[in-house]
Amino acid sequence: MLKTQIRSLDKKLNKTLDNPFINASGCYCRTKEDLDQLITSSYCSSIISKTCTPLSRDGNPEPRYHQSDTLSINSMGLPNLGLGSYLEYFNTCESTQGIKIISLGGLTLEDNMAMFESIVSKHYMNLVNIDAVEINLSCPNLVGHGQLGYNFNNMNVYLLKILNIVSRKEIELKRRCGLLIGLKLPPYFDMNQFEKVANIIKDQLRYGRRIDFLTCINSIGNGLVIDTDSEKVVIKPKGGFGGIGGSVVKPTALANVRKFHELLGDKLFIIGCGGITNGEDAFHHLLAGANMLSIGTQLMKEGPEVFKRIGLELEDIMKKKGYKNVDDIIGKLKTIQ
Ligand code: DHB
């Protein structure tokens with residue numbers, strides 16, 4: 001019942017997933033043990049690594065993650081094992097039925113180009129066991145590094161340089177690159193911003209560069225949570241500022257999924273991320289236009305069993321409403337005439 005198709009402009013990359021669920025990058029995916037837990041005990045069809053850099057990083061000082069009933073705040077600072085470790089992990093991992101994604105978030109364009117080039121070259125030599133690369137344009141927690149997704153000029157140049165790596169290889173080797181390529185976007189709040197970003201992406205596609213999916217949204221950057229008793233911030237880095245996730249971001253996430261589905265849904269698929277805590281939230285993301293459903297804060301709260309619970313709740317809603325397939329729900333949101 002939860003099976004779903006993801007579709008790329010390159011039809012060879014279309015794939016049927018057992019269910020639309022995936023962890024949000026950053027959640028349960030930093031260490032080998034985390035990833036093992038996701039793979040063995042959960043009902044998510046697909047898995048994404050922690051956003052990684054070329055070499056391992058410890059990240060920001062603790063406490064750097066805090067959650068309450070309605071939200072989470074984090075300023076992790078990209079603690080990760082380094083690209084090589086995640087590639088190695090996926091090489092030794094037999095399952096998953098769905099897609100395996102590496103999330104890339106180097107601190108410089110050069111780092112990202114080098115990582116991307118290395119993945120693409122290895123992919124052509126059958127040396128990697130992944131299906132997709134997600135380029136993170138939206139980490140809000142690095143001091144001195146603004147979010148690329150909010151700087152449209154830089155984003156355009158950056159995409160051109162990164163995506164050209166694949167285009168060049170495809171020409172040189174006269175063979176399509178079989179990796180799906182996606183962008184993790186920050187939340188946008190203004191209609192102008194949606195249009196601008198969609199136009200940047202359309203331009204890339206027009207010049208033959210590949211973008212197969214968008215992940216909407218990353219955490220809402222630089223929120224502040226205060227504890228009344230201690231009169232203190234709740235996380236240490238950046239004076240308490242951090243990315244906000246959880247239920248409170250759901251309306252923003254839905255709006256971003258909806259807008260990008262309207263503007264680009266015929267060209268790429270969308271991973272909806274933000275505020276999915278139960279079957280109804282999952283249903284709302286699908287209606288808005290999400291093809292896959294990414295769970296972060298609630299995964300941190302409940303652990304990998306969360307996917308089974310939310311999957312069953314979604315199935316219940318579908319049965320009550322007479323839906324037989326997830327694909328019949330996607331993008332079907334109605335407006336008031
Ligand atoms: C981190 C946070 C993010 O929201 C993200 O997309 C990537 C990295 C972090 O602080 O580690």
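Which pocket is the space taken by the ligand? In this predicted model, the ligand takes up the space of the largest pocket.

## Ligand surroundings

The shell around the ligand holds 13 residues. Lys50, Gly77, Leu78, Asn141 and Asn218 are the closest of them. By residue class, the shell divides into 7 polar, 5 nonpolar and 1 charged.

For Asn218, a polar side-chain atom lies 2.5 Å from an oxygen atom of the ligand. For Asn141, an N or O atom of the side chain is 2.8 Å from an oxygen atom of the ligand.

Gly77 takes part through its backbone: a polar backbone atom of this residue is 2.7 Å from an oxygen atom of the ligand. The ligand taken alone exposes 290 Å², and the protein buries 94% of that area.

## Cysteines and disulfides

A disulfide is a covalent bond between the sulfur atoms of two cysteines. Searching the whole structure gives 0 disulfides. The cut-off for a disulfide is a pair of sulfur atoms within 2.5 Å. Cys273 is likewise in no disulfide; the nearest cysteine sulfur belongs to Cys27 and is 7.8 Å away.

Are Cys44 and Cys273 buried or exposed? Cys44 has 10% relative accessibility and therefore counts as buried. Cys273, at 8% relative accessibility, also counts as buried. The limit applied to both is under 20% relative accessible area.

Conventions
Residues are numbered from 1 along each chain as its sequence is written. This is a predicted model: local features need pLDDT of at least 70, side-chain atom pairs count only at pLDDT 80 or more; totals for chains, interfaces and linings use all residues. Side-chain values use heavy atoms; hydrogens and water are left out. A residue is near a molecule or strand if one of its heavy atoms lies within 4 Å of it. A polar contact is a pair of N or O atoms within 3.5 Å; within protein, one must be able to donate a hydrogen and the other to accept it, and residues adjacent in sequence count only if both atoms are side-chain atoms. Accessible areas come from the Shrake-Rupley method with a 1.4 Å probe; for residues, only the protein chains shown count as cover. On a 1 Å grid over the protein atoms alone, a cavity is a set of points where a 1.4 Å probe fits but cannot get out, and a pocket is an open set with protein on both sides within 12 Å along at least five of seven lines; lining residues have an atom within 4 Å of a point. A molecule sits in a cavity or pocket if more than half of its atoms lie within 2 Å of its grid points. Ala, Val, Leu, Ile, Met, Phe, Trp, Tyr, Cys and Pro count as nonpolar, Asp, Glu, Lys and Arg as charged, and the others, Gly among them, as polar. Buried means under 20% relative accessible area, exposed over 50%, partly exposed in between (1.4 Å probe, protein chains only).
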